[in-house]
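User: Hi! Could you walk me through a few features of this model, one question at a time?

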Amino acid sequence: MKWLLDRFRYAFAGVRYGIVRDRSIRFQFILATMAVLAGIILNIHLNEWLWIILSITLVLMAEIFNSCIEKVVDYISTERTEQAKLIKDMAAGAVFLVSCFAFLMACLIYIPRLILFIQNL
């Protein structure tokens, strides 16, 4: 049982490190919090929550992986090489793609709700 609890502690330590020490991850957590608050205010449905939660999870995972890849590349070599740049750019590209997906989901879910919310004021 201690083995399992240790795994959770390590995982939470990694997430905490990302939020506290990595500006990009912290920014994504702030956006995720805003998305959740918007969902509560706009009273989105369960199936819409699933898409929002999926989007948040994918973006946060991609950002954490991107930060890990950047740290590994920097650890392996302090030299600025074209190969290191390409690796970092590709990892950032993955974050960009999943962020585009999340933005599309947010637009499809929140814009119609926001229009109804404003009309009912």
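User: Where does Lys85 lie?

Analyst: A quick heads-up: this is a predicted model, where local features need pLDDT of at least 70, side-chain atom pairs count only at pLDDT 80 or more, and totals for chains, interfaces and linings use all residues. Residues are numbered from 1 along each chain as its sequence is written, and side-chain values use heavy atoms, leaving out hydrogens and water. Helices here are DSSP runs of H or I with at least four residues, numbered from the N terminus. Lys85 sits in helix 4.

User: Is Lys85 buried, partly exposed or exposed?

Analyst: Buried means under 20% relative accessible area, exposed means over 50%, and partly exposed is in between (1.4 Å probe, protein chains only). Lys85 has 44% relative accessibility, so Lys85 counts as partly exposed.

User: How do helix 3 and helix 4 run relative to each other?

Analyst: The axes, lines fitted to C-alpha atoms over the stretch in contact, get angles from 0 to 180 degrees between N-to-C directions. For helix 3 (residues 46-76) and helix 4 (residues 82-119), the axes come within 9 Å and cross at roughly 165 degrees. Angles over 145 degrees count as roughly antiparallel. That's why helix 3 and helix 4 are roughly antiparallel.

User: Where is the kink in helix 4?

Analyst: The bend at a residue is the angle between axes fitted to the seven residues ending there and the seven starting there. In helix 4 a kink of about 30 degrees comes shortly before the proline Pro112, at Tyr110.

Notes. Helices (H or I, at least four residues) and strands (E, at least two) are DSSP runs, numbered from the N terminus. Angles under 35 degrees count as roughly parallel, over 145 as roughly antiparallel, 65 to 115 as roughly perpendicular and the rest as oblique.
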